[in-house]
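Visitor: Please take a close look at one part of this model and go through its charged side chains.

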Amino acid sequence: RFQQVQSMMCDLMEWRSQLLSGTLPKDELKELKQKVTSKIDYGNKVLELDLIVRDEDGNILDPDKTSVISLFHAHEEATNKITERIKEEMSKDQPDYASYSRMSSSPTHSLYVFVRNFVCRIGEDAELFMSLYDPQKSTIISENYLVRWGSRGFPKEIDMLNNLKVVFTDLGNKDLSRDKIYLVCQIVRVGRMDLRDSNSKKYTQGLRRPFGVAGTRCL
C-alpha cells in the first residue's frame with residue numbers, strides 16, 4: 001500500500017507542477033484537473049477515507065445547495081467509477097520499482113519553515129508574504145505564504161498561534177544548484193493612509209501599503 005500511495009503522490013506532484021506552470025490550454029487544463037480529482041478520490045478509497053462527491057468540473061458538491069437525491073446519485077456514480085478504477089489498477093502488471101525510477105528521474109526537495117514570532121512595531125494589522133528569492137536573477141522562485149498579523153502582536157487567527165508552518169515544495173536539483181536562495185518576508189500594513197491620523201478625525205481604513213521587507217539566506 002505504501003508503494004501504491006507513493007506512486008500516486010508522485011503523479012499528483014508532477015500534475016501540480018503542470019497546473020502551476022500556466023502554460024496549458026483550456027481544454028488540457030480541464031482534462032488534467034479531472035485526472036487530479038480522480039486520482040485523489042481513488043487514493044482516498046485506497047486509504048479507506050471518506051468519499052468526496054463532485055460535479056462534472058471536479059468541484060466538491062455543496063450539501064447545502066444540493067438535494068439529497070442528487071447527492072445519493074452522485075455518491076453512487078462516484079462509487080462505481082472508483083470500483084472500476086480499482087479493477088483496472090489490479091489488472092495492470094506494473095513493476096514495483098516504477099515509482100522509484102520516476103522519483104530518481106525527477107527528484108524534488110522541500111523546505112520547511114516554522115514562523116515562531118513577528119516583532120515589528122507597526123500599530124496596525126499587517127500581512128506577511130514569505131517566499132523564496134534568487135538574488136542572482138532577481139526573481140521569486142516560489143509561491144507566497146501569507147500570514148495575517150494583528151495590531152496586538154498576535155496572528156489574526158488566534159488558533160494559529162505557534163502553528164504557523166509552511167513547506168515550500170517542488171524544489172528540484174536546478175534550484176539547489178543556485179548560488180544563493182533567500183527567504184524573503186514582505187510586510188504590508190493594512191489600515192490608515194497615515195499612521196499619524198488620530199482616532200478623533202475621519203480617516204480611511206483598510207488600505208494596504210508597503211511597510212518593510214526582511215530576508216535571510218536559507219540555501
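Guide: Both Arg-178 and Asp-175 are buried, where buried means under 20% relative accessible area, exposed over 50% and partly exposed in between, with a 1.4 Å probe and protein chains only. The model is predicted, so local features need pLDDT of at least 70 and side-chain atom pairs count only at pLDDT 80 or more, while totals for chains, interfaces and linings use all residues. Residues are numbered from 1 along each chain as its sequence is written, and side-chain values use heavy atoms, with hydrogens and water left out.

Arg-178 and Asp-175 form a salt bridge, with the closest N and O atoms 3.0 Å apart. The term stands for a side-chain nitrogen of Lys or Arg within 4 Å of a carboxyl oxygen of Asp or Glu. Side chains of opposite charge can pair when their charged atoms come close.

Arg-178 also meets Asp-134 in a salt bridge, 2.5 Å from N to O. This pair links distant parts of the chain: Arg-178 is in the loop between α5 (173–176) and β6 (182–191), and Asp-134 is in strand β2, 44 residues apart. Helices (H or I, at least four residues) and strands (E, at least two) are DSSP runs, numbered from the N terminus. Arg-178 counts as buried because its relative accessibility is 18%. Asp-134 counts as buried because its relative accessibility is 2%.

The structure holds 8 salt bridges. Among them is one between Lys-39 and Asp-11, with the closest N and O atoms 3.5 Å apart. Both Lys-39 and Asp-11 are buried. Elsewhere, Glu-124, Arg-189 and Arg-192 are linked in a network of salt bridges.
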